[in-house]
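Student: I would like to learn how to read helices in a model. Can we work through some cases together?

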Amino acid sequence: MQAYWRYRGKSSPRDEAGDRWHLLPFHMLDVAAVMEALLDQRPAWGAVCAASLGWDVAQFRAAAVYFALLHDLGKFARSFQSILPPGSADLVPVDRAPRYAERHDTLGYLLWMDHLRSNLPAEVLPAAEHARWEAWIRIVCGHHGRPPREGDSKRLYADDHFLPDDMAAALAFACDAAALAGPLPQPADDLDPRIAWQLAGLMVLADWLGSNQFHFPYRALPMALADYWADHARPAARRAVTASGFAVCRSAAYVGADQLTDFIPYLSAPTPLQRYAATAPLADGPQLFLLEDVTGAGKTEAALILAHRLMAAGLADGLYFALPTMATANQMYRRVGDVYRGLFAKGEQPSLVLAHSARQLVEDFALSVQRGGQPYAKDDASAGMSCNAWLADNNKKALLAQAGVGSIDQALLAALPVRHQSLRLLGLSRKVLVVDEVHGFDPYVRTLLAGLLRWHAAQGGSAVLLSATVPERIKRELLNAYRQGLAQPGLSQAFLPDYPLASHLSASAFHQQPCETRREVKRKVRVAHLHDEQAVIELIIQQAHAGRCVCWVRNTVDDARRAFDLLRDAIPADRLHLFHSRYAMGHRLEIEDKVLDALGKHSDAATRAGRVLIGSQVLEQSLDFDADVMVSDLASIDLLIQRAGRLQRHARQADGQPWPDDVPSAQRVEQRPEPVFYLYGPEPDDEAKADWYGRLFPGAQYVYPDSAKLWQTQQALLAAGGIVSPGEIGEAGAVRQLVEAVYGSASERETPAELQAAANKCLGEAMSQRSMALFNGLDWEKGYCEDSSKHWVEDSDVATRLADETRLVYLAVADGEALRLLFPSDDPRLQWQLSALRVDANRLKDIAPAWRQRFKPWLDGLARDQPWLTEYDLILPLIAGEEAGVWLGQGIDARGKAVAVRYSLELGLLWK
């Protein structure tokens with residue numbers, strides 16, 4: 001019997017009924033068989049890979065399967081065997097084992113470099129010592145989601161971890177297993193980095209599936225490798241891949257520009273932008289579309305039409321919709337869920353995954369997860385949406401689903417040195433990447449996005465970017481990044497000034513097409529300037545008493561709360577709403593539902609009359625509400641255009657009643673009084689001083705530090721007198737004119753000197769953010785190796801966005817006997833998420849020591865019972881206050897000073 005049968009690969013049985021361990025050769029065959037099954041699903045990709053290496057397809061498959069057979073070479077190390085639970089006398093003894101000081105993935109790489117490559121016979125692997133095989137061994141040894149360590153200033157040696165018997169056993173296995181893969185080729189060209197990263201993702205996926213005991217039960221007794229391969233590993237691998245939901249689904253044929261209702265049933269009257277998406281000629285290879293149009297012009301449906309056409313043309317296999325926030329992702333998930341099955345051929349079973357950190361809170365997604373293959377009844381709420389349970393149980397797997405909707409962060413993690421990023425990158429390949437609101441990202445996120453677009457293009461992926469207000473410089477940055485991925489020079493063409501505008505970029509051409517927009521979203525909004533807070537309060541009271549619904553978007557939570565306090569004596573409690581980000585998630589979702597019921601698209605006149613909504617920036621980012629009167633604090637022009645989009649958003653009758661469904665769309669015109677956007681800000685001042693904005697908004701000046709852009713925004717709106725959406729070229733107040741007046745190069749010449757100093761500081765910070773993004777991002781061209789980044793980390797340890805440090809706080813109420821979570825739920829795990837919120841760690845860093853000591857037994861019990869909690873999570877005990885719906889706690893800030901914490905159902909979390 002070969003010595004390699006004395007080594008264990010797995011030793012954590014799922015139950016007591018079977019064997020206690022899985023022999024290492026069996027596990028290595030399991031994973032290689034899954035790799036083979038995964039390659040069977042990607043024949044076209046395999047052909048491309050083979051051609052790039054100068055091999056035929058069979059040779060590429062043989063190499064991929066053979067190296068997958070070697071993925072756990074590091075487990076032959078006696079140091080690894082020593083950390084497993086006690087075994088039997090048939091296994092290798094561990095009394096002389098070296099200390100386990102390096103992970104087994106790194107140990108496998110060391111074993112190859114120091115021993116195997118120089119001892120493998122040529123009839124097993126031709127030219128095994130050739131450096132070109134090193135990329136392959138890095139990929140398979142990096143199956144835990146990051147490349148193996150190669151040592152830096154300190155050289156690592158296999159002799160420090162393997163006994164001579166271990167090395168001999170590993171060599172014997174590498175020789176015997178080669179026959180299972182088929183004849184191996186001579187090393188040819190260097191492995192293309194694009195292939196290397198995708199192979200790394202497939203290797204991670206193969207290891208995950210090949211470790212599933214349901215499909216690959218433990219076996220503790222040896223048998224012939226060829227028999228296990230044919231009778232167990234390969235059949236189980238095919239079952240595992242099928243059950244995972246990862247299979248490529250056939251795309252549906254394009255329904256045609258005249259049959260769009262067969263794809264999107266409610267699209268009986270496509271907008272001009274949607275007609276463009278339905279008819280614009282497609283390029284032959286990867287391509288990018290940038291769709292610029294006003295809010296409500298149907299950009300989402302246009303993106304779905306383009307994805308449908310690209311998939312039908314064989315240029316993509318799926319879709320991922322990336323949104324700026326979890327709230328917008330939730331809403332988009334429901335919209336995409338209504339139509340995504342139309343992207344795929346009848347009879348296919350594609351999964352639709354919602355990908356963000358709080359997706360379990362979305363009931364539709366929770367209901368859509370398929371477990372045990374149980375079908376849904378036709379009247380189920382989620383019958384139109386389904387998701388394979390294996391794909392749904394982890395955000396790292398989510399991008400592997402045929403269709404996905406989620407936060408931009410989940411996609412950006414594919415471009416960062418985090419564990420399992422190659423799995424995300426694999427998931428995005430062959431997908432249409434749709435990114436919404438590309439104008440709204442800061443320089444750090446935008447630089448990461450540019451890197452992702454560059455690599456997505458290099459992998460052959462197509463993209464659709466959506467925006468209402470993207471400045472020309474950002475447009476050029478993102479389009480040039482994609483062109484760079486296509487190995488093309490930067491764009492030399494000027495951008496057309498037209499708006500709306502559709503741009504189409506491919507390796508061979510760049511086309512720009514001006515579009516009309518639909519009548520319903522063409523509008524002029526007069527801007528009225530207010531400079532006194534009391535005048536704003538009086539305006540809101542007057543309008544509410546006249547029966548109109550009013551919204552005031554404030555730039556900070558504290559300002560929103562103060563406005564709420566100033567209005568509570570004049571507006572009935574059941575008509576006054578406060579909405580911001582410092583509520584526990586469960587309460588925030590409840591408030592969100594109330595706001596949508598009261599001010600949403602389908603709200604009636606009686607429900608809307610006299611309501612006042614005060615909120616922070618979350619109002620501009622997520623909720624589809626419709627106000628009769630809108631007030632906003634001064635912010636940058638793109639944000640103000642976004643906020644103004646909530647003013648008379650849906651056409652109504654004069655009394656605010658929605659139009660009946662039986663009224664033809666052409667007759668559904670806005671009958672409410674002229675829309676006026678009230679802008680609260682400092683007095684205009686041509687010689688504004690550095691504190692021009694901060695005097696009126698002492699808190700918001702830290703949220704929007706570029707006071708020059710705010711000054712330019714005010715000046716542009718004063719000159720235009722309003723916002724014209726979309727407007728004509730050269731028309732005062734037209735969206736394009738306003739955006740370029742603030743963000744274009746000409747605007748800087750007019751800025752007061754003291755405000756220009758602030759602009760220069762912000763420019764320096766933007767350059768710093770871009771540098772940080774470039775530092776954090778991966779060096780794709782180096783391939784899958786440690787040198788692609790010097791700081792590989794867990795995905796919780798790298799930022800997809802730059803911001804002040806935050807703490808995730810779970811609110812728990814002391815009831816005399818225990819700590820119970822603030823927001824109850826029948827689902828124990830769900831109630832933790834519903835009782836949580838994120839706070840600024842500078843303001844609330846930890847529990848006060850005396851407070852922690854007071855509740856220590858209960859806190860220790862919760863930590864023990866919830867092993868998924870991390871050191872970054874904070875459980876804050878609260879006690880009931882004197883007022884109903886109020887709880888109190890004690891914490892410390894980042895400087896260690898005491899903080900009195902108060903949580904109110906009405907106001908959310910406060911501290912002082």
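This is a predicted model: local features need pLDDT of at least 70, side-chain atom pairs count only at pLDDT 80 or more; totals for chains, interfaces and linings use all residues.

Student: Let's start with a helix pair. At what angle do H21 and H22 pack?

Tutor: Helix H21 spans residues 533–545 and helix H22 spans residues 557–567. They pack at an angle of about 55°. Their axes are 11 Å apart.

Student: Why are H21 and H22 called oblique to each other?

Tutor: Angles of 65 to 115 degrees count as roughly perpendicular, and those under 35 as roughly parallel. H21 and H22 pack at about 55°, and are therefore oblique to each other. Their crossing is right-handed.

Student: Which residues of H21 and H22 meet?

Tutor: H21 brings Glu533, Ile537, Ile540 and Ile541. H22 brings Arg562, Ala563, Leu566 and Leu567. By class, this contact has six nonpolar residues, two charged ones and no polar ones.

Student: Now a single helix. Which residues of H33 are buried?

Tutor: Buried means under 20% relative accessible area. In H33, residues 856–865, that applies to Leu859, Gly861 and Leu862. Seen down the axis of H33, the buried residues fall within an arc of 160°, so they line one face of the helix. Pro857 and Arg864, on the other side of H33, are exposed.

Student: What do the buried residues of H33 pack against?

Tutor: Both helices and strands. Helices H31 (828–834) and H32 (849–854) are among the partners, as are strands S21 (819–821), S23 (846–847) and S24 (873–880).

Student: And which residues are buried in H29?

Tutor: In H29, residues 735–743, the buried residues are Val735, Arg736, Leu738, Val739, Val742 and Tyr743. They cover an arc of only 165° around the axis, which puts them on the same side of H29. They pack against helices H20, H26 and H28, and against strands S3, S11 and S19.

Student: Let's turn to single residues. Is Gln274 buried or exposed?

Tutor: Gln274 lies in helix H11, residues 272–279. Gln274 counts as buried because its relative accessibility is 3%. Leaving out residues up to four places away in sequence, Gln274 touches Leu267, Ala297, Gly298, Glu301, Ala302 and Ile305.

Student: What is the relative accessible area of Ala411?

Tutor: It is 0%, so Ala411 is buried. Ala411 lies in helix H17, residues 408–412. Not counting residues up to four places away in sequence, Ala411 touches Tyr320, Leu399, Leu428 and Leu452.

Student: How far apart are Ala411 and Ala220?

Tutor: They are 191 residues apart in sequence. In space, the C-alpha to C-alpha distance is 41 Å.

Note on methods. Residues are numbered from 1 along each chain as its sequence is written. Side-chain values use heavy atoms; hydrogens and water are left out. Axes are lines fitted to C-alpha atoms, for helices over the stretch in contact, and angles run from 0 to 180 degrees between N-to-C directions. Helices (H or I, at least four residues) and strands (E, at least two) are DSSP runs, numbered from the N terminus. Angles under 35 degrees count as roughly parallel, over 145 as roughly antiparallel, 65 to 115 as roughly perpendicular and the rest as oblique. A crossing is left-handed if the near helix is turned anticlockwise from the far one by less than a right angle, and right-handed if clockwise. Contact means heavy atoms within 4.5 Å. Ala, Val, Leu, Ile, Met, Phe, Trp, Tyr, Cys and Pro count as nonpolar, Asp, Glu, Lys and Arg as charged, and the others, Gly among them, as polar. Buried means under 20% relative accessible area, exposed over 50%, partly exposed in between (1.4 Å probe, protein chains only). The arc is that of the directions from the helix axis to the C-beta atoms.
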